[in-house]
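Try each task before reading its solution.

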Amino acid sequence: MSSIDFQRRLVSGMRPTGPLHLGHYHGVLKDWTRLQHEYDCFFCLVDWHALTTHYESSADINRYLQEMAIDWLAAGVSPSSATLFVQSHVPEHAELHLLLSMICPLGWLERVPSYRELQQRLQGRELDTYGFLGYPLLQAADILLYRAGLVPVGADQLPHVEFARDIARRFNHLYGREEDFELKAEAAIRRLGKKASRLYLSLRKSYQEQGDVEALNTAQALVKEQQTITIGDRERLYGFLEGGGKLILPEPRAVLSDTPRFTGLDGAKMSNSGSNAIFLRDTPQQIDEKIRRMPTDPARVHREDAGEPTRCPVWPMHLTHSSSDVCQWAEQGCRSAGIGCLECKAPLIDAIASELAPLRERALDYEQSPDLVRSILAEGAERARDEARDTLVEVRQAMGLNHR
């Protein structure tokens, strides 16, 4: 724990269940390319998670893994700035998942909102499995294994991050307790020195009495800066801030994406399981054909009928890809019937084709160098395993499993 600044560490991942599309690019990958220069990032291709819903078609997962890694690299996710790896190449994920399953109440899993929602949405699949029920716990293990403080997610994943926080809190409560913890924590505070100890206590009071998260972050940074205290004292001080025992597994915090739900070609959420997606490696011809076929405002029956952009699936795509001048032109032209729907689509087709052209070219380079992609993932897995092993040493010791 002493060598990890968990407030600067970030973990995220994607399931390899199909080709990536514009929704992935604008909702996830563009954020990753920015975050990788600001945080210590671990980006994981979560193939075990893919098995929770696609175990009957697992032969496709290996192909999708390679294609997904290529798309990440082509989009600008850099192995020199972030750690890219495959989940199953780091078996410590499975061990931590197993250990956490020993303390996870069954009711917690059954209450996760996505459990019932996904069962309803994927009614054609046999999902009465522990793997599907335990999906949030495996995701919690993915996060906690790297003691990450930050997890970038969409709003629909917030319950999963909260679940991981609950699991971390329960683990620390069960295994971070030690005899005379408060006395030892108070002694550790005195060892900070008068000025630092007063600041620590003031920040702790602000967090515990007023829920001031900024005060918690500042106090954690204060503890991290101390060079003269022991590792044990540092863990006690971290834990004492939040009221429990020694902090073994930090509680992660969600980082919400700025991008709203990305609309597909039919107006619904873009999905690689449907026919409403523009994929990152679509050719200009494919992009042209898909957008030309897009439905528009149903009220515009004739060319001379005025339209309403907010009723048209093309409009949200303009807002994401087109300049403000083009958006203004499209909005006014639609409402006044000054332009037809095909006219409106033409600059959007050009904008998307132009944006994806360099990505498609970079992807071609990686397609022709499969060994390079495998090497990048292998090197990432080595670094991930080093971090994961360190966490499990502390977890096993806390659970009394250090009899090796």
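Contact here means heavy atoms within 4.5 Å. Keep in mind that this is a predicted model.

**Exercise 1. Find which residues W72 touches, leaving out those up to four places away in sequence.**

Solution. Start at W72 and apply the contact cut-off, within 4.5 Å. The partners of W72 are M14, L20, L29, W32, F43, C44, L45, V77 and L84.

**Exercise 2. Work out how α4 and α8 are oriented to each other.**

Solution. Take α4 as residues 92–101 and α8 as residues 135–144; their axes lie 9 Å apart, at an angle of about 120°. Roughly perpendicular covers 65 to 115 degrees and roughly antiparallel is over 145, and the two helices are therefore oblique to each other. Their crossing is right-handed. At the contact, H93, L96, H97, L100 and S101 of α4 meet L137, L138, A141, D142 and L144 of α8. Sorted by class, these residues are six nonpolar, three polar and one charged.

**Exercise 3. Decide how many residues of α2 are buried, and what covers them.**

Solution. Helix α2 spans residues 47–54, and six of its eight residues are buried. These are D47, H49, A50, T52, T53 and H54. Their cover includes the strands β2 (40–45) and β3 (82–86), along with the helices α3 (59–75), α7 (130–133) and α8.

Technical notes:
Residues numbered from 1 in each chain as written. Predicted model: local features only at pLDDT ≥ 70, side-chain atom pairs only at ≥ 80, totals over all residues. Heavy atoms only, no water. Axes fitted to C-alpha atoms, helices over the stretch in contact; angles between N-to-C directions. Helix = DSSP H or I, 4+ residues; strand = E, 2+ residues; numbered from the N terminus. Parallel < 35°, antiparallel > 145°, perpendicular 65-115°, else oblique. Left-handed = near helix turned anticlockwise from the far one by under 90°. Nonpolar A, V, L, I, M, F, W, Y, C, P; charged D, E, K, R; others polar. Buried < 20%, exposed > 50% of the residue type's maximum accessible area, 1.4 Å probe, protein only.
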